[in-house]
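Please open the model in your viewer and keep the sequence panel beside it.

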Amino acid sequence: SNNNNNNELIELKSLILSNNFEPQKLKVDEVLNVYGSSIETGLSEEDIKLRLSFYGPNSLELLTEKPIWMKFIIELFSGFGFLLFICTILSFLTYVPLGEPDQSVSSLSLFIVLLVVMMLQGCFNFYQGYQANDLLKSFKNILPLQSQVIRNQVKQIIIASQLTVGDIVFVSPGCKVPADLRLVDVRKLKVDSSAITGESEPVRCTSSPCNCPILDARNMIFLGTSVVE
């Protein structure tokens, strides 16, 4: 029933998002069982529709662009920025107390230092956020438009954004990896993962379980990396 299928998808999503889920450590048959898929047949038409509806498209969603001044204000008060702002205001009030003629030079110095630190932190956070957004935009531009999969026992080419959790995806030399994938059948596969892991040499992959962090696992390949062999 639909209710049972939805419950299964909710459980699968909770498992995938949990810190305890490590697909690189599972055997191939265990991975397929977790994702409810099959190397020979792939997902059924009903599974595909349900999963696309539940998980959404396989695409990078950029945040709605805000004006630059608004981005800077947000970064200025993010993290410890708001606390620095409060401290800056308090130091200024102690320098110019209401109705008091005495003014403390040390309070003025503290006010200036806190103001400078606050502005520097805001500029640094803004610069980092700007770089990250530019990187995400450029990364999105190099993603593949199509992907080869097996669905309903038929090998076919689909739009990469229509990939969903549990799809059996085929990769070949020269193609970009269209999603984060756990390898289940490998034949002399090498992938350039330098954009993700920083490794300068292509990595030879395997479908065997790996008892290591997911980014170091030879049975995992990631979105945007390149198949070289």
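**Before you select anything**

This is a predicted model, in which local features need a pLDDT of at least 70 and side-chain atom pairs count only at pLDDT 80 or more, while totals for chains, interfaces and linings use all residues. Residues are numbered from 1 along each chain as its sequence is written, and side-chain values use heavy atoms, with hydrogens and water left out.

**Stop 1: the whole protein**

Show the protein as a cartoon and you will find seven helices and eight strands; these are DSSP runs numbered from the N terminus, with helices (H or I) of at least four residues and strands (E) of at least two. Now colour by pLDDT, which is the predictor's confidence in each residue, from 0 to 100. The average for the protein is 82, and 86% of the residues score at least 70. Among the elements, helix α1 (residues 2-17) has the lowest mean pLDDT, 70, and β3 has the highest, 95. Where pLDDT is low, the predicted coordinates should not be read in detail.

Of the 229 residues, 30% are buried, where buried means under 20% relative accessible area, exposed means over 50%, and partly exposed lies in between (1.4 Å probe, protein chains only).

**Stop 2: the sheet around β1**

Three strands form an open sheet here in the order β2-β1-β3, with antiparallel pairing. Because β2 (154-159) and β3 (168-170) stand at the edges with a single partner strand each, one side of each is left without a neighbour in the sheet. From one strand to the next, the twist averages 40°, an angle taken between N-to-C directions on a scale from 0 to 180 degrees, with axes that are lines fitted to C-alpha atoms.

Two strands count as paired if DSSP finds at least two bridges between them.

**Stop 3**

Move on to residues 190-192, which form strand β5. This strand belongs to an open sheet of three strands in the order β6-β5-β8, again with antiparallel pairing. The edges are β6 (203-204) and β8 (226-227), each with a single partner strand, so one side of each is left without a neighbour in the sheet. Strands β5 and β8 pair over two bridges, and the bridge partner of Asp192 in β8 is Ser226.

**Stop 4: a loop residue**

Select Lys25, in the loop between α1 and α2 (28-35). Lys25 is partly exposed, with a relative accessible area of 35%. Which residues does Lys25 touch, not counting those up to four places away in sequence? They are Pro209, Cys210, Asn211 and Cys212, where contact means heavy atoms within 4.5 Å. Lys25 and Cys212 are 187 residues apart in sequence, yet 7.7 Å apart in space, C-alpha to C-alpha.

**Stop 5: aromatic rings**

Finally, show the side chains of Phe, Tyr and Trp. Their rings (for Trp, the six-membered ring) pair if the centres lie within 6.5 Å, and planes under 30 degrees apart count as stacked, over 60 as edge-to-face and the rest as tilted. The whole structure holds five aromatic pairs. Phe54 and Tyr55 form an edge-to-face pair, 5.0 Å centre to centre with 90° between the planes; Phe54 is partly exposed at 28% relative accessible area, and Tyr55 is partly exposed at 22%.

The pair of Phe72 and Phe126 is edge-to-face, with centres 6.0 Å apart and planes at 75°. This pair links distant parts of the chain, since Phe72 lies in helix α4 (residues 68-76) and Phe126 in helix α6 (residues 105-141), 54 residues apart. End by selecting Phe77, Phe82 and Phe85, which ring pairs link into a cluster.
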